[in-house]
Amino acid sequence: MLRIREVSKHYEKNGATVKALDGVSLSVKPGEFVVVRGPSGSGKTTLLLLCGALLPPGSGEVRFDGADVYSLSPNQRAALRAANVGFVFQQFNLIPYLSVLDNVLAPSLAKPDPRAAQRAAGLLERFNLSERASHFPAELSTGERQRVGLARALLNRPRLLLADEPTGNLDDENAQVVLSSLAGFAADGGAVLMVTHSRQADTYGHGTIHLMRGKIVTETAEEGH
Amino acid sequence: MNLWRLVTREIRYQKLNFLLGLLSVAAATGVLVAVLTMLRSHDMRTREILAQKQERTEQEMAKMKDDYRIIMKKLGFNLLILPAAQDLKQYYASGYVTEDMPEEYVNTLAGAGLMTIRHLLPSVERKISWSEQGGLQVILAGTRGEVPLTDRAPKEPMQVAVAEGEVVVGYELARSLKLRAGDSVMLLGQRFTVAGIHGERGTRDDITLWIDLATAQRMLGLQGRLNAILALKCLCAGNELSQIRRNVAAVLPGTQVIEVDSKVITRAEARERAGAVAKTALEAERENRAVIRAELEKFASWLAPVVILGVTLWVGLLTWGNVRQRRREIAVLRAIGISAGQVLKIFLSKALMLGAGGALIGYFAGLAAGTASGELSGGPAGALTLFSLTMLLSVLLVATVLCVLASWIPALMASSQDPAEVLREE
């Protein structure tokens with residue numbers, strides 16, 4: 001489904017070149033849950049944004065279903081994200097003036113679907129948020145906010161979930177909920193690429209990639225993946 | 001979920017920001033609409049005032065015309081009946097009559113029963129050299145007062161005859177010779193007592209001496225002769241001079257008739273002058289109103305660009321602030337698949353609502369303020385008179401277009417923002 005090959009991304013910072021990614025290659029197949037680990041500044045988020053069609057690489061290619069993502073126009077990439085990609089963020093990034101229900105429905109702005117409301121209700125129920133539907137993000141606990149984030153990421157039935165430290169701000173109990181949800185998504189045939197510091201994720205992932213200074217230093221995979 | 005819901009939810013959340021924008025657009029629109037309404041009110045009041053003045057002038061003119069008709073009816077013409085041989089050019093040039101005609105003409109005319117003739121004053125006159133006053137050139141006039149018309153009841157004479165042995169002196173002669181009533185003067189070898197001094201007339205009367213007709217005829221060697229018969233307040237149907245001339249010519253074939261000193265002419269001139277004065281007053285009022293309007297227009301002409309520029313910059317700044325504040329939200333929306341065009345739409349829709357809402361509030365506030373400060377009667381009735389759908393629609397259009405234009409650059413910045421850059425900051 002997702003394949004990146006020899007991807008590099010350099011930034012200019014204070015006159016110096018920072019190699020965020022340096023010749024990274026990886027692939028994520030349907031049903032696979034890939035965990036990317038590494039210290040801060042190792043290029044994890046850059047990798048995720050690049051895979052999510054949000055950040056063109058300096059070199060190398062990113063392919064989704066065989067198509068070169070960055071040869072598409074910005075609007076085509078937006079449509080690709082709307083139809084195929086879900087994002088989960090460490091800071092949740094909920095829209096503060098929208099209710100829980102409207103936050104979950106936000107992706108339907110990009111991909112209108114008459115069944116979106118029904119699906120949103122189902123997701124709220126699945127994540128135990130039905131009673132919070134009319135509440136605003138500021139009125140929720142951090143665990144609830146991340147569950148809303150997860151529900152929003154799943155609304156358009158994406159094929160790929162990109163999660164950027166989704167458990168970084170959560171306690172163990174909520175972290176387990178999020179990780180098991182991501183694992184469940186993969187078990188249902190979706191692909192998950194998650195960057196994290198947490199070792200807790202290793203138990204859910206089918207493979208772990210270690211990034212260091214923009215390079216993959218080790219790569220482990222469960223049997224069968 | 002749709003963009004409209006997203007925009008309205010954000011407005012509800014950022015009430016103060018939107019309210020600030022709305023109030024500034026409303027204030028700017030209100031000020032402009034108030035000034036325009038005052039101009040409109042001024043124009044309507046001007047039309048009212050000028051129409052009233054016009055109507056009043058027309059009424060006064062009509063009344064004057066009526067008065068004129070009545071005066072004409074009462075006064076008729078003043079005629080001078082002269083010998084047919086009198087050269088009128090000579091008469092107009094010298095101011096006195098040189099030819100003469102029989103005195104019985106006046107009696108003939110008085111007995112003719114002409115309904116057009118009302119008062120007859122026979123006279124003789126000559127320019128003489130007043131030898132007793134160093135050869136001073138004066139006009140000596142002899143008059144016997146009014147000749148009664150034989151077919152009418154006697155009336156108070158219009159001009160009293162000068163008694164024998166008395167003289168009435170013209171103003172300039174009396175002034176230069178220091179003559180006063182009661183003084184005794186010699187005139188062509190005969191003594192006269194000054195019976196009166198005429199007031200200043202600015203005509204040849206000021207150098208005229210009036211004595212009784214018989215004495216004058218004798219002194220001038222014109223016994224039984226007259227130079228002229230003055231017929232006052234002559235009337236005829238339609239006041240046609242030609243008709244009177246025909247009537248007189250039928251009775252006195254050896255004469256000619258001219259119109260003199262007609263009060264009718266004076267009245268007509270007065271009426272024309274009054275009309276001209278009224279028109280001048282009307283014009284002055286129109287000019288005065290135009291000056292006030294020009295001042296209002298001048299005020300509006302500098303106020304409009306200042307207000308428009310001010311509110312455009314302010315709305316632009318507010319939108320820019322809103323975009324800065326919503327960087328992360330925009331990045332997340334882009335990440336979930338919202339296109340750059342949709343982000344642009346979100347901000348421009350908000351600007352549209354700001355413009356339309358502000359214009360609507362501003363229009364009615366400005367209408368109320370303009371009505372209250374304007375020259376027409378205030379209150380709902382005044383506002384209703386001054387309400388203009390065209391102005392409302394124009395204001396709505398201009399305000400929304402300006403707000404959209406003011407928000408264009410910040411909205412473009414929002415739509416072209418790199419979401420990856422913002423999300424990497426997490």
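This dialogue reads selected features of a predicted model.

Student: What conventions apply to the numbering and to the values?

Tutor: Residues are numbered from 1 along each chain as its sequence is written, and chains are lettered from A and ligands numbered from 1 in the order in which they are written. As the model is predicted, local features need pLDDT of at least 70, side-chain atom pairs count only at pLDDT 80 or more, and totals for chains, interfaces and linings use all residues, while side-chain values use heavy atoms, with hydrogens and water left out.

Student: How many helices and strands are there in chain A?

Tutor: Helices (H or I, at least four residues) and strands (E, at least two) are DSSP runs, numbered from the N terminus. Chain A has 6 helices and 10 strands. Its radius of gyration is 17 Å, close to the 17 Å that the globule rule gives for 225 residues, so chain A is as compact as a globular protein of that length. The radius is taken over C-alpha atoms, and the rule is 2.2 Å times the number of residues to the power 0.38. Along the principal axes, the C-alpha atoms of chain A fill a box of roughly 50 × 40 × 40 Å.

Student: What percentage of the residues in chain A is buried?

Tutor: Buried means under 20% relative accessible area, exposed over 50%, and partly exposed in between (1.4 Å probe, protein chains only). In chain A, 56% of the 225 residues are buried.

Student: Which contacts in chain A join residues 24 or more positions apart?

Tutor: A contact means heavy atoms within 4.5 Å. Among the contacts in chain A with a separation of 6 or more, 70% are between residues 24 or more positions apart.

Student: Is helix α1 of chain A mostly covered or mostly uncovered?

Tutor: An α-helix has 3.6 residues a turn, so residues three or four places apart point the same way. Helix α1 (residues 44-51) of chain A is mostly covered, with 7 of its 8 residues buried. The buried residues are A:K44, A:T46, A:L47, A:L48, A:L49, A:L50 and A:C51. After α1(A) comes A:A53, whose phi is positive, near 60°.

Student: Where does A:R152 lie, and what is it in contact with?

Tutor: A:R152 lies in helix α5 (residues 142-154) of chain A and is buried, with a relative accessible area of 3%. Leaving aside neighbours within four places in sequence, A:R152 is in contact with A:F89, A:F92, A:N93, A:L94, A:I95, A:N103, A:V104, A:P107 and B:V332.
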